[in-house]
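Here is a short briefing on one structure. Look it over first, then follow the points below.

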Amino acid sequence: MGGPNLREVRLSRFERIRGRLRRAYQSGRESARAGRVAPREAPEETAVASPATPGPAAPAAATTAAGQPPSALHASTTSRDDADVPHALRIAAAWSWRLIAIGIVAWGLLKIVGTIRIVIIPLAIALLLSALLAPAVGWLLRVRFPRSLATGVVLVGGLAAVVATLTLVVNQFIQGVPELSEKSSQGVRQIQDWLKTGPLHVSDNQINHYIDEAQTWITGNSKTFTSGALSATATLAEVLTGTILVLFATFFFLRDGNKIWRFLVRLLPVAARWKVDDAGRAAWSTLGAYVRATVLVAFIDAVGIGIFLVIFDVPFAFALAALVFLGAFIPIVGAALSGGVAVLVALVDSGPVTALIILGAVIGVQQVEGHVLQPLIMGRAVAIHPLAVIIGIAAGVVLAGIVGALVAVPLIAVLNTAIRRLAARTVPDTPPDAVVVAAQAP
């Protein structure tokens, strides 16, 4: 009899404890739910507390000095001190230190590039040559040439064309220098006669005095000229080293450029590889189009000015046309400078009338280039604002001289295309050699 009764007593105590725990759990849930709902519900009217009817205690966060409302924390702030600073000033400060960091990194990169410029400049020239010669290598590959043989044939053919052109230019200069020097002497005597009989009425003593001062200046700066000759010798060694590096780099860029690019892309994180690969290939297409368009425009300029030089029997016509062709690779500035050399030669050889005619021809060809050839040919390759071109050329001249002016504009074109492609929100196409692994359906 005692056993069942004792068991029932224990069960009843267990039921009571379980009921108490259940009620405590439900009460805790209701209080937590009420705490979450209460801040969202704003009272319609705020009652005034009095000693007879005391109001609810205000939270500590709502207590402010002098009755001022609390300032809301912005999502970008991490403390109350940040909230006291105006939002515009916080944004300006954030931009400022980021721009300072970018400037320091850019300055460091420029110092590194300046230190190893003997390597960087030949590699940049090799990239330009590779972009120019890549279509020829591709054509030979399509007719079943081995890759190494196709690259060698194109590189040797291009080098032979450059050597033949330089040989013709040098031979023409050697043949025409005696005649040009004689006519230059005649031009100097004409200038002396004009100074005497012209409106200036300069005497022989004054002319001799100026000549003596020039000779004294040359004698006093002979050390400067000597050091310049020594630096020219060092520069000649750098040019030879750079030329060899250009040839080797161009060969391997043409033969193994795709492999080199894939190796560089594999060094990046997996999530960024396809995007960078897409931007890099688009930039390479832009570089190739720019180089080919520049060559075409330069050839048209050289032919146009060369025709006028031949018609008016100006010496060094072929050499000056070749100079115009090379100068046209530096946009805006190069064509004007090379055309000025042609006008100067025409002035010394044939007089002011022929020089004015050649000047008009140079200006006319440049106008045709600027208003017809550039929009029609270059505009399809890459669209760069003229102000960006001028600033880029000026910066290139300051940083690397003539080579910097030559490389500045294609570098701007490549960066413009790459940055636009990286900033685009489109998903790049899947590479043709990519291996896509799909999960099997369960």
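Where is the place of D313? D313 sits in the loop between helix 8 and helix 9. The model is predicted. The points below cover the two helices first, then two loop residues.

**How helix 8 and helix 9 pack**
- Two packed helices are described by an angle and a distance, both taken between their axes.
- Helix 8 spans residues 270–311, and helix 9 spans residues 317–327.
- Their axes are 8 Å apart, and the packing angle is about 155°.
- Angles over 145 degrees count as roughly antiparallel, so helix 8 and helix 9 are roughly antiparallel to each other.
- The crossing of helix 8 and helix 9 is right-handed.

**Who meets whom**
- Helix 8 contributes V295, A298, F299, D301, A302, I305, G306, L309 and V310 to the contact.
- From helix 9, they meet A317, L320, A321, V324 and F325.
- The residues of this contact divide into 12 nonpolar, one polar and one charged.

- Phi of D313 is near 55°.
- That is a positive value in a residue other than glycine.
- D313 has 64% relative accessibility. Exposed means over 50%, so D313 counts as exposed.

**R144, in another loop**
- R144 lies in the loop between helix 4 (117–142) and helix 5 (147–197).
- Phi of R144 is near 70°, a positive value in a residue other than glycine.
- Is R144 buried or exposed? At 75% relative accessibility, R144 counts as exposed.

Terms used:
Residues numbered from 1 in each chain as written. Predicted model: local features only at pLDDT ≥ 70, side-chain atom pairs only at ≥ 80, totals over all residues. Heavy atoms only, no water. Axes fitted to C-alpha atoms, helices over the stretch in contact; angles between N-to-C directions. Helix = DSSP H or I, 4+ residues; strand = E, 2+ residues; numbered from the N terminus. Parallel < 35°, antiparallel > 145°, perpendicular 65-115°, else oblique. Left-handed = near helix turned anticlockwise from the far one by under 90°. Contact = heavy atoms within 4.5 Å. Nonpolar A, V, L, I, M, F, W, Y, C, P; charged D, E, K, R; others polar. Buried < 20%, exposed > 50% of the residue type's maximum accessible area, 1.4 Å probe, protein only.
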